[in-house]
Amino acid sequence: MMKRVIVLCLIVFVCVIGGVYSLWPKNRTDVETSSGGQQIAIALEDNPTSMDPIAGSLDVNSYPLVVAGHAPLSLVDGNGELIMVIAESIEVSDDGLRCDIAMNPGARFWDGSPVNAADVKYSFERVWQSQHPHRWVLQRIRGAGTDQENSTGLSGIEVLDDHHLAIHFDLPDPDFPFFISTSLTSVIKAGTDSGKEMPLDQGIIGCGPFRPASLTLGDEFVFIRNEGFTKPSRAESLVLRVIDNPQQRLQAFHDGQVDLIRLRGPMIAEAAQLTKNGLEPIRRFQGAQIVRRPANELTFVVFNWKSSKLSTIPIEQRQAVLAAASVAWPRQEIAERFYLGAARPVYGVVPPIATVKTHPPLTASDVSPSLPNSFSLLTPNDPDSRRLASAIRTQLVNTGWSIKVQNRDLNQLVGQLLEGDYTASVFWIEQAIPAGPIPWMMFFDPKGSFVKLGQPIEGVGAAIEQARSILDPTQRSLRYQAVVDKVNQEQTAFLPLLSREVVLMKRPNIQGVFLDQNGVLYFTFLTVAGEDQ
Amino acid sequence: MLLRRFTSGVARVAFFLLLVDLLLFAIFDLLPDAAVRQLGIMAIDHQLLEATRERLGVDGPAYERFATFWWHLMQGNLGRSLQGGYPISDVLVGHTTVTVALLVPVVTILLVIPIPLASFWIRPGEVAVNKAKRLLVLPVYLGLIPQFLVAVILFAIWSGLLADYLSGTSLAATTRWTLAVLSVVSMPFTLLFLAAVETFQSANRQRFTTTYRMLGMSRFQVRCRLMRNGWLALRPLAARLTLTCATGIIFTELLFGFNGLGRLLVNALRASDLNLMRVLILIMSLVVLTTSEFERRHT
């Protein structure tokens, strides 16, 4: 009996091995064809929460829905040039106190009604009345006041006729057209935000390239082409699919379920390889294309000097501590090994694409700082951050630091940061407003929205405000740079590490993928190549 | 008598549901809320955080929010999800189909296979299982490894071996679904099979089995009689099996990417969507508690 059992087990084992071998994929290297027709499918990393341009632009997962359904007056391309979308022209007067906007008369909302100048005014006033931290882009419009409490409404927005507006400023604002070139200031149909409550705020009617058709939580969000959009696409529909697992996203791309995915962190090395022609897809994804652009992104370690572990270090030694850590951390090696070159070493608090001059590497100080014996490094619980935190821990052992990495879900991590219950944390931030270093200075302006995470440095806010008024672009950039330099010299809150690029993988028939100056993806020009092309 | 028993059962279930919800609410009210989750690092801006809390309806006192939820629940209003503002009733309807499609074969397998299999495994009159049989039953014990591990192994088989090979064929969806069903059914199947084996073994120790044989009943006839007894004897396992099926559904849907109730629960947890989480936990608790009450009435 025993012998029979052993023989039976052996037969089953051989069958299993044989079956596995026969099923093993052989020489399958090509990606499947597109999901077909004139439909474009894009992978989302998590569930969105709103398609309202204000609420949605606060949530990285909602952003794709916002830019699918809504459109701003203009966008800024990779060269820093304004690209008109809903507007036909935007011009700032020589004294910087007036901005004239001519609308495209052909622009239509989803419901077919024309986009009017009054809708633009309504949309801008709505942003100003919100609590959005970047509402400062409208702060210089006459009537805005210094904050909402003493605001009399944006009386400086003058509607000249259905398609023309003049915007009057209290102070010169020569970069105003750039500031409003984001989804935050998308044009919505006046009054639709106060209607019936609908899932994902889809009741707020927009004039974007697509209109919502079916939005299923946790599954897919289907949009249909907006015929009245100023840059009509050949794509009949856009499907945004929620695939939270990175492996499943890659598989979905391979299987033709999605046509475009963003490669983050370890996904880059899993889908692409570095060749003499740059980043190219591996054999499994042969035929796909890689699109990459520097992003307005900063990955850094933030230190809480008030924590019990670090509060013992004297203020004058903090710079030395940061310098010791900075010198020990091999940014270039990490950028090449982890991201295949799709990241840049950063030494200042502003990413290279948002400033005219990169901050030089810190040099080790002569002062030998008294380091804490050991401390915890919080890190967001995603594969990329975990890998980075692990590399930080390993590399900084040589400096005498003993670091314990603690992974946290995002809400837990933010909760701890809010309460100041941390010693140090790895973090990354992406900025969407094409406003150079201004959004980054909000971490160091004593009155800035995000100063709680950064460090208040006297005079930063006022200096930025002064620089914003300078009419000459070169002088303005230099003045901004002076503020950034001052912050870099004085701050001890951030240890900047890298600025990671936006890396997308797409099928060749998907065209018009537009990444703006900050590397933010917009669907404005998205189209699918047809047989006639 | 029956009415009294029914009323006390309902009261017991209601009490435990309230307790479960109170615990859930208390725990999650202490953690960072959905506003923090949605804003991410922007939650550092205090004014923005307060405005978002107000927009999501998570800004009032805790007792008020707890009471409002139950008041709405009693009126048949499940409320809206904090993630996207979907009516929860619509969300449940949309996701139940997927879970039911997984559960139907699972329940069918559990009803049809383990108990008859066990009854044929243990011969009438067989009290101790011999070595060879014990060896053969060893693979069944694999079903006792943690459910998430089973799901991970089967998903690895799917994504590592089969997905690429079957990609684009009509077999792909069927294979994926079959592996998912296996993933859900493994633990409850094993529990039920082993319990049934134990039951039949102890039945064999009873005199009536010998009596049946002496009366000239065939082994098949004895097995059929024992099987009926086995069904009744294994009823106390119902709540445990329901719970293992529920956890299996969660892990499987999450790994295999099925957009059912299990995945919805995990997404709600990740998004700190307390409203949706409470409704889903209450439904799950209701099913388990009701099954448990059913056991209580028959034991």
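Predicted model: local features only at pLDDT ≥ 70, side-chain atom pairs only at ≥ 80, totals over all residues.
Me: Okay, and which elements does chain B have, helices or strands?

Reply: Count each kind of element. Chain B has 14 helices and 0 strands. Its C-alpha trace spans about 85 × 60 × 30 Å along the principal axes.

Me: How much of chain B is buried?

Reply: Buried means under 20% relative accessible area. By that cut-off, 47% of the 299 residues in chain B are buried. As for the surface, chain B exposes about 15,100 Å², with carbon and sulfur atoms supplying 69% of that area.

Me: What about the charges on chain B?

Reply: Tally the side chains, then compare the centres of the two sets. Chain B carries 27 positive and 16 negative side chains, and the two centres are 22 Å apart.

Me: Over to chain A. In what order do the strands of the open sheet run?

Reply: Read across the sheet, strand by strand. In chain A, 4 strands line up as E4-E5-E7-E6, with antiparallel pairing. Strands E4 (87-92) and E6 (157-161) have a single partner strand each, so one side of each lacks a neighbour in the sheet. From one strand to the next, the twist averages 15°.

Me: Which residue in E5(A) stands opposite A:Ile90?

Reply: That's A:Ile101. E4(A) and E5 (residues 98-103) pair over 5 bridges.

Me: And which strands does helix H4 of chain A lie across?

Reply: Helix H4 (residues 117-129) lies across E5, E6 and E7 (164-168) of chain A, running at about 170° to E6(A).

Definitions and conventions. Residues numbered from 1 in each chain as written. Chains lettered and ligands numbered in written order. Heavy atoms only, no water. Pairing = 2+ DSSP bridges. Helix = DSSP H or I, 4+ residues; strand = E, 2+ residues; numbered from the N terminus. Axes fitted to C-alpha atoms, helices over the stretch in contact; angles between N-to-C directions. Contact = heavy atoms within 4.5 Å. Buried < 20%, exposed > 50% of the residue type's maximum accessible area, 1.4 Å probe, protein only. Areas by Shrake-Rupley, 256 points an atom, 1.4 Å probe, with all protein chains shown as cover. Lys, Arg positive; Asp, Glu negative; His and termini not counted. Charge placed at Lys NZ, Arg CZ, Asp CG, Glu CD.
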